[in-house]
Structures are given as structure tokens and as C-alpha cells.
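Okay, everyone, thanks for coming. Let me put the model up, and then I'll walk you through it.

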Amino acid sequence: MNQLLAALEWLLDPARYSGPGGIPMRLAEHLGYTALGVVLAAVIAIPLGLLVGHTGRGRGLAVAASGAARALPTLGLVTLFALLVGIGLLAPTLAFVILAIPSLLAGAYSACEAVDPRTVDAARAQGMTEMQVLTRVELPLGMPLLITGIRAATLQVISTAMLAAYVGNGGLGRFIFLGLKTQDYPQMLAGSLLVIALALVLDGMLLLVQALTRPRGAVPAG
Amino acid sequence: MNRRTARPIARRGALAALGAGGLASLAAACSSSDPLAEETSDAAGGGGGASDAGGGAAGSLVVGSQAYYSNEIIAELFAQVLEAAGLTITREYQIGQREVYLPELESGAVDLLPEYTGNLLQYYQADAPSASPEEIAEALAGVLPDGLTALPFAAATDQDSYTTTADFASANSLAAIPDLAGVQEDLKIAANSEFEARPYGPAGVKETYGVDVALVPVEDSGGPLTVKALTDGTVQLADIYTADPAIQKNGLVTLEDPESLILPQNVVPIASAKVDDAAAAEIAKVTGALTTEELIALNTRSIDEQAKSADIAREWLAEKGIVA
């Protein structure tokens with residue numbers, strides 16, 4: 001409890017809220033790294049997942065590949081990439097993309113698969129092209145599952161984005177590493193609390209998005 | 001009939017379990033004990049094994065090391081020479097930074113650990129002025145807490161440094177740290193995050209040499225990521241240890257430190273009261289033969305051949321004729 005109170009005291013110090021190393025700046029950097037990682041991963045994984053889900057082909061490969069990617073330790077990836085491309089933002093971003101892809105892929109193909117096949121049949125029977133079926137039937141109906149995938153990916157990346165500080169970037173990892181290295185545990189704990197708070201806020205926002213994009217008037221399958 | 005009664009009961013059971021779990025975690029969260037203090041002593045006690053703090057035989061010691069491969073090699077040298085003399089050695093390597101392992105030394109959980117004179121002196125006395133290696137060692141003996149002894153130090157040094165590439169040094173005519181004040185561009189140094197708080201960090205060089213340098217934290221203690229950042233040109237300076245083979249391999253230039261802001265860092269064995277004169281004599285065999293060149297050679301073996309510290313130590317001791 002004392003550690004927690006010390007951490008809260010650390011957070012309430014007004015001097016920490018200004019300057020390039022202050023909390024707002026670090027929060028912004030942290031959000032930036034998360035957004036970068038998730039968006040890039042989404043650009044790769046969501047079209048791929050939709051393709052897999054819509055055509056029904058390659059599902060086994062997709063599942064196996066995401067399973068393997070999930071097993072990779074992110075700090076190891078950050079170090080490995082940094083040895084190849086140097087310190088800076090590229091190495092951790094690559095690691096975050098690999099971290100986010102499995103959840104996004106799974107979200108995308110399960111979104112397509114969750115749609116009642118009879119609805120898809122009906123859409124085809126009406127003369128819709130495959131692309132129209134995907135964008136006008138499968139995607140809107142499967143949106144909650146897609147958003148769930150995005151939420152999972154965002155949560156994973158935002159809690160791992162502290163690793164960007166390992167190779168010279170900013171973000172909340174700065175507080176965590178500095179606190180850890182100098183045994184300034186209030187600082188370390190405060191950094192962790194900020195990550196948790198950020199994760200909860202973002203998760204809440206995406207939950208709202210999920211509720212808003214829920215297909216209205218859709219009849220549940222079965 | 002059964003379904004109607006069974007469901008409320010199952011739900012009540014689930015709610016009760018949830019409530020108990022919630023109460024338990026609330027109780028744990030409200031506890032004022034320091035979970036980290038407990039963890040440290042548990043880890044030391046559990047890993048101590050043969051040697052007990054207070055009850056163990058004089059023939060057994062716990063040898064520790066920092067979370068630094070070179071320090072582990074030196075610790076292993078001590079461990080093996082003591083084992084050859086008949087003691088039982090328990091190894092507690094890769095403990096962590098100074099703030100973590102010094103309490104363990106002071107409490108007797110660890111008996112012997114290789115340290116570096118200057119940094120250890122500045123840890124206990126932040127305003128300690130710089131001086132010759134002998135004077136630093138003497139000052140260190142004066143500030144160590146009761147129960148800890150600094151055994152005779154070795155000629156080998158392994159200190160933090162302001163190191164730059166040969167190109168940058170010649171382009172800006174750099175030979176010493178104060179020369180950096182004349183450089184036009186913004187200076188960045190790659191080092192561990194705790195460099196910020198060190199006496200020879202950005203604040204220290206600003207005050208002593210008037211040099212502005214910003215820290216880019218790379219958490220691998222002057223390792224390959226830090227060296228790569230320097231050779232890539234992402235940073236102009238890096239804190240690379242002087243016993244690091246990478247300096248010679250990459251043709252890097254270590255800047256002179258005329259005001260000795262970075263204290264001399266000679267390898268010095270720090271011993272608890274359990275280390276008797278016989279053990280100290282054995283340890284002195286190692287420190288007597290350890291020069292900076294020897295240390296660099298040991299480090300090179302670890303990095304180039306990926307050899308284990310136990311093997312490196314055994315072969316070096318045999319080569320020097322210290323252990324048959």
C-alpha cells in the first residue's frame with residue numbers, strides 16, 4: 001500500500017506535467033507508438049483476414065501463423081530488429097506489428113465466418129459481386145467481432161509499447177526503465193499505473209465504437 | 001423443478017467464490033509490507049543454499065556478480081581459485097545494479113563480489129573528489145559500511161567513458177571531453193537510463209566542462225545496440241566500458257577526462273567478514289595478475305567465442321599458473 005501511495009504521490013507532483021520528459025509528452029508518445037503499430041498491422045492483417053474468412057481458404061495457415069507469431073517474445077524481437085536496423089522507432093514498430101497481427105487476423109476472419117451462410121447465399125442470389133457481398137453483407141454484420149480483434153490487438157500493443165524506450169525512444173517505458181534501473185519504485189509503479197490507465201481508457205473507447213457499429217436490425221443466426 | 005433450484009444455488013456459489021477472491025485480493029493490496037524487500041531476501045536465502053547467513057561453515061562462501069558479463073567472469077575467477085583452495089562456493093551471478101546487490105552484501109547474503117573502485121566510492125559518497133587509483137581505493141576503505149572490506153585492487157580498469165567514432169573525433173578535433181563544448185551540432189550520448197542520475201552524466205559534464213549532451217537511453221549497458229547506435233551515427237557519443245573489445249574492433253576513440261570526472265575504476269574484490277585471510281590470499285593471486293589487457297582478452301573470448309564464464313576462467317587460471 002505504501003508503494004502505491006508513493007506512486008500516486010509521484011503522479012500528483014505538478015512538476016512532472018511539463019517539459020519534454022513530462023507525463024503528457026510521454027503519454028502522447030506512447031499513444032503514438034501504439035497507433036503506429038496497430039494501424040500498420042491492421043493494414044496488413046485485416047484485408048488478409050477478410051480474404052481468408054470470405055473465401056474460406058487458407059484458414060489453417062492463418063491460424064498456425066498467428067499462433068507462431070503470438071509465441072515470439074516482443075523484447076527479443078525489439079533487440080533483434082535493433083541489431084539489424086539500429087536504435088530508433090523502426091525496430092520496436094516492427095515488433096509491435098508482429099505482436100498485433102494475430103489478433104487482427106483472427107478478428108477479421110472470424111468476422112466473416114460469423115455471418116449466417118444463408119445470408120451470404122441470399123446476397124449472392126440477389127446478384128451481388130463477391131466484393132459487394134464482403135463489404136455490404138459480411139463486414140457490417142461481422143463488425144463487432146472485427147472490433148473485438150482490434151481491441152485485443154490495441155490492448156496488447158499498448159501494454160508492450162513501453163519496450164520502445166529500450167532502444168532510445170520515449171513513451172511511458174521511460175519512467176518504468178528509469179525507475180527500475182535506479183530502484184525508484186514509485187516512479188516505476190507510476191509508469192505502470194499510467195500504462196494501465198491508458199489501456200483501460202482506450203479499451204473503453206473501442207468498446208463504445210463496437211457498440212455503435214453493431215448492426216441494427218440484424219437477426220441473430222440460428 | 002431441479003433446474004429452477006439448481007441455477008440460483010450455482011449462481012450463489014459462483015458469486016461467493018468471486019466475493020472471496022475479491023476480498024482476498026483487496027486484503028493483499030491493502031497490506032503495507034514491501035513485497036520487493038521480501039522478494040530480495042527470499043531469493044538470496046533460497047539461492048544461498050549451502051551458505052547460511054550466520055550458521056554456515058567458514059569453508060563456504062557466496063560469490064556474487066553484477067548483471068554484467070565481464071563482472072561475472074571476474075567473479076568466476078575468484079570462485080574457481082577459492083574452490084581450488086578447498087572452499088565450497090555458491091554462485092549468485094547477474095544480481096543487478098548497485099542499488100540491488102549492495103544491501104545483499106551488507107546483510108551477508110553475499111560474501112564476495114568484484115566491484116569497481118570509483119563507482120562504488122561515489123555510491124557511498126556522492127561528492128567524492130577524483131584522485132589516483134590508490135587514493136580512491138583508500139577513500140573507499142574509509143566509506144565502506146562495517147563488515148565489508150575492500151581487498152587489494154587489480155591493475156585492470158573498466159570504466160564508463162565518453163567514446164566516439166574515429167571520424168567524428170578527427171572531424172571535430174576531439175581528444176578530450178571538454179573539446180565537445182566546441183562542437184556545433186546537438187550532442188547525443190547513448191547509455192543506460194540511469195546515466196542521467198550518475199555524477200558523470202549530462203548534468204556532471206555540463207557543470208564541469210560546459211558540455212551540453214542529451215541522453216538517448218539504450219538499455220544494454222554499452223552492448224551491441226549502443227555500439228551500433230554510435231557506429232550508425234544515430235548518436236555522436238556512447239558510454240562504452242573501457243574494457244569492451246568493441247572499442248578496438250570498431251576503431252572507436254575514448255575521450256580523455258582531464259578533470260577525472262569519471263573516477264578510476266579498478267577492479268576491487270569487496271568481501272564480507274566471512275572471507276578470512278587465507279581466502280583473501282587466494283583472491284590476491286587473481287587480482288595480482290589481472291591487468292586491463294588481460295581483462296579485455298577475457299572479455300573478447302566471451303564475446304567472440306560466446307564461451308561460458310566458467311570455461312574462460314578455468315583456462316585463464318591454468319594459463320597463468322594460478323590453478324593447476
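Where in chain B does pLDDT stay under 50? Over residues 38-57 of chain B, and for that stretch the model has 21 contacts beyond four places in sequence. By pLDDT I mean the predictor's confidence in each residue, from 0 to 100, and two residues are in contact if their C-beta atoms, placed from the backbone, lie within 7 Å.

Quick housekeeping. This is a predicted model, with local features needing pLDDT of at least 70 and side-chain atom pairs counting only at pLDDT 80 or more, while totals for chains, interfaces and linings use all residues. Residues are numbered from 1 along each chain as its sequence is written, and chains are lettered from A and ligands numbered from 1 in the order in which they are written.

Staying with confidence: chain B averages a pLDDT of 84, and 87% of its residues score at least 70. Its lowest element is helix H2 (residues 35-48) of chain B, with a mean of 44, and its highest is strand E8 (residues 237-238) of chain B, at 96. For the complex, the predictor gives an ipTM of 0.81 and a pTM of 0.73.

Chain B has 13 helices and ten strands; these are DSSP runs numbered from the N terminus, H or I of at least four residues for helices, E of at least two for strands.

Now the interface. 19 residues of chain A are in contact with 24 residues of chain B. On the chain A side, helix H1 (2-12), helix H4 (74-85) and helix H8 (173-181) each supply at least two residues.

Next, helix H9 (residues 185-212) of chain A. Buried in H9(A) are, among others you can pick out, Gln187(A), Met188(A) and Leu194(A); buried is 20 or more other C-beta atoms within 10 Å of a residue's own, C-beta atoms being placed from the backbone. The cover over the buried residues of H9(A) includes H1, helix H2 (23-55), helix H7 (130-160) and H8 of chain A.

How do H1(A) and H9(A) meet? Their axes, lines fitted to C-alpha atoms over the stretch in contact, come within 8 Å and cross at roughly 75°. H1(A) and H9(A) are therefore roughly perpendicular, the label for 65 to 115 degrees, with angles running from 0 to 180 degrees between N-to-C directions. Residues meeting there include Trp10(A) from H1(A) and Tyr185(A) from H9(A).

Note on methods: A residue is buried if 20 or more other C-beta atoms lie within 10 Å of its own, exposed if 12 or fewer, and partly exposed in between; C-beta atoms are placed from the backbone. Angles under 35 degrees count as roughly parallel, over 145 as roughly antiparallel, 65 to 115 as roughly perpendicular and the rest as oblique.
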